[in-house]
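Here's a quick briefing to read alongside the model. Have the sequence and the 3D view open as you go.

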Amino acid sequence: MKKIILIVDDDRLTLSTAQKLLDGEFKAVAVNSGKQAFKYLERHTPDLILLDINMPEIGGFEVMAALQKDAHWKKIPVIFLTADRSAETEIECFRVGACDYISKPFEPNIMLSRIRSTIELDGYRKDLQRRLDEKTKEMERITIQAIMTVANTVDAKDDYTKGHSMRVAAYSELLAQRLGWSEEEIQNIYYVAMLHDVGKIGVPDAVLNKPFKLTDVEFRLIKGHTLVGAEILNDFKMFPNVNVGAKYHHERYDGKGYPEGLKGESIPLVARVIGLVDSYDAMTSNRVYRRRLNDDVVMQELEKGKGSQWDPELVDIFVDLIKEGALEKMWMPEEDLATPIFDSGKIVGITMGSENILESPVDYLTGLLSRQKGEHDISLNLCAEGGTLMLIDLDHFRQINDVHGHLMGDYALKTVADVLKEVCENEIVCRTGGDEFLYYLPGVTEEELVKKKVEMLLEAYHKKQQEVEILRDAELSIGISISGPDGREFDELYRRADKALYLVKQNRGRHYDFFQKAGILRTPEQSQNDLDKIMDAIRNQETYQGAFQVDYDEFNHVYDFVKHMSARSKKETQLLLFTLFSSNGSEVKLERMETAMQCMEQAICKSLRGVDVGARYSSSQFLVVLLGTERENVRVVTDRIVQNYFKLYGEKDITLTYDIAKFG
């Protein structure tokens with residue numbers, strides 16, 4: 001596909017000359033002012049901008065300043081065009097962030113050479129950024145896994161506190177949400193709370209599990225876990241102030257706590273939250289010296305300690321959560337959280353850079369193989385005999401976390417893992433992180449045998465759905481690739497299984513598919529159902545609880561926009577869903593489908609007005625909102641789009657249909 005270059009210059013001759021020069025190798029888009037440039041950038045992202053410095057109204061440096069302030073626009077490389085050859089101007093160009101500088105009148109070969117070099121260098125930069133992002137995500141994953149492992153290790157020291165750290169983290173997250181904290185702050189307190197008792201690693205098990213009154217020396221050992229925990233976490237930089245929770249969660253609001261006797265709001269708010277929910281979990285869990293307390297007794301104790309042991313405002317909010325039953329939804333039997341951390345006590349050493357990181361060969365939560373161990377074993381088997389790779393995703397997992405909390409989300413993942421273990425015979429199963437799993441069938445390359453295994457897996461999962469309430473609306477999606485026709489190496493098979501999974505998720509109603517058959521389009525009947533579902537979600541936006549989820553972020557923005565329009569606009573506004581479908585009902589190759597989709601997008605973008613909006617809805621659908629358009633005028637727009645599509649695509653195997661709904 002040709003790279004897109006946006007040329008911004010008020011001189012028509014310069015625009016015409018540059019466009020003719022570039023059009024053979026690139027797709028050149030010419031605008032004659034800064035305002036026109038911003039209008040174009042609101043809907044498109046070019047690969048490079050050629051920007052004139054001296055323009056009326058908005059000059060090139062002003063345009064550049066606006067580009068640098070926008071997180072998305074600032075990533076677009078810019079080359080300045082100007083007749084000013086002074087050293088000061090050249091220095092200023094580079095100072096404000098330009099990649100290069102071309103003098104006018106420009107020499108064609110020099111201009112082309114500089115543009116090619118800039119685009120090539122930008123490609124290298126993007127590739128390096130992508131690799132850096134992947135490494136960062138991997139380090140975050142390893143760090144979070146280490147946090148969970150440490151938390152589980154600490155909890156395992158006390159026979160009566162299995163799952164304590166996870167529950168305190170979940171309760172802290174819920175309280176932080178009720179306090180109106182930002183998403184980043186909520187995520188932060190979740191992991192800070194997960195590590196609040198890390199200092200207990202330094203406390204002997206005999207003291208933690210002692211059923212009788214502690215001696216003064218033993219009590220000092222217990223109290224010392226706050227300082228030990230703070231010291232352990234002192235150099236941990238992944239989350240800000242992570243040692244605060246460990247150090248101050250036993251401070252009291254009246255100043256009679258430890259280790260420093262802080263009072264009132266001098267105690268960090270994070271520590272006040274964790275201290276409160278830590279006490280709640282202690283009261284509602286079985287302890288070595290007593291049985292768990294019921295909620296009525298707990299609320300009485302919280303009222304007694306309000307203003308003395310705990311922050312009174314936090315107590316009031318937390319008591320409301322108890323009365324609402326919000327905490328009960330997050331609770332589960334402690335035995336369900338007591339997942340073994342290591343397999344037979346073995347630990348694998350991984351070297352990353354100059355650091356040595358300890359990682360279990362078993363996933364901390366599910367008991368399946370860890371990602372690294374699983375991928376290693378699969379790669380070895382592929383070299384030896386080949387097989388089939390299945391990438392499994394739990395649909396709508398985020399909704400489980402949002403509605404029921406992370407604790408129940410973890411429980412859902414553990415339940416899915418139990419199903420995989422139940423079905424697994426001599427296969428390799430691992431969790432790759434989040435809600436994704438890998439299932440590898442060694443030596444199996446026949447589709448019929450693979451289908452039997454997949455059907456067995458889905459049957460076992462559907463049976464489990466009837467037993468576990470939170471899984472009722474969470475289906476499994478499976479993308480499949482087979483060694484040989486789909487590749488030989490693990491990375492290649494993984495990418496192709498991922499593509500198959502992506503299209504399975506977009507074509508709802510299918511639970512699995514193979515990579516070779518991943519080009520399945522919607523039918524006209526399915527398209528109308530899709531539009532009905534969108535309209536139902538918009539009309540019932542306050543009460544809608546369905547599993548309405550689309551993988552395109554652009555669609556989510558359009559959906560929010562449509563919701564606001566339905567509430568505010570009094571004009572008749574049309575919602576159009578354009579859908580590609582096979583002319584003869586047969587399956588279509590993935591490459592053909594993507595080509596047709598690009599042609600449809602171009603046809604739509606060419607035909608819309610500046611006030612209309614649209615975005616991809618699925619791998620074969622595009623949603624369009626026509627603002628303030630009368631029904632009779634919609635036909636003009638749709639006919640133009642259909643004509644442009646067939647003109648661009650030029651084939652007859654994939655045709656185009658559309659469905660219309662109105663609101664407002």
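The chain runs through 24 helices and 16 strands, and keep in mind that this is a predicted model. Of its 664 residues, 49% count as buried.

**Whole chain**
- Take the contacts between residues at least 6 apart in sequence: 66% of them join residues at least 24 apart.

**Helix 7 and helix 12**
- Two packed helices are described by the angle between their axes and the distance between the axes.
- Here, helix 7 covers residues 183–194 and helix 12 covers residues 269–283; their axes come within 11 Å and cross at roughly 60°.
- Angles from 65 to 115 degrees would count as roughly perpendicular, so this pair is classed as oblique instead.
- The crossing of helix 7 and helix 12 is right-handed.
- On the helix 7 side, the contact is made by I189, V192 and A193, which meet V270, V273 and I274 of helix 12.
- Sort those contact residues by type and you get six nonpolar, no polar and no charged.

**D435**
- Look for D435 in the loop between strand 9 (428–433) and strand 10 (436–442).
- Is D435 buried or exposed? With a relative accessible area of 18%, D435 falls under the 20% cut-off, so it counts as buried.
- Leaving aside residues up to four places away in sequence, D435 touches I392, D393, L394, F397 and L413.

Terms used: Residues numbered from 1 in each chain as written. Predicted model: local features only at pLDDT ≥ 70, side-chain atom pairs only at ≥ 80, totals over all residues. Heavy atoms only, no water. Axes fitted to C-alpha atoms, helices over the stretch in contact; angles between N-to-C directions. Helix = DSSP H or I, 4+ residues; strand = E, 2+ residues; numbered from the N terminus. Parallel < 35°, antiparallel > 145°, perpendicular 65-115°, else oblique. Left-handed = near helix turned anticlockwise from the far one by under 90°. Contact = heavy atoms within 4.5 Å. Nonpolar A, V, L, I, M, F, W, Y, C, P; charged D, E, K, R; others polar. Buried < 20%, exposed > 50% of the residue type's maximum accessible area, 1.4 Å probe, protein only.
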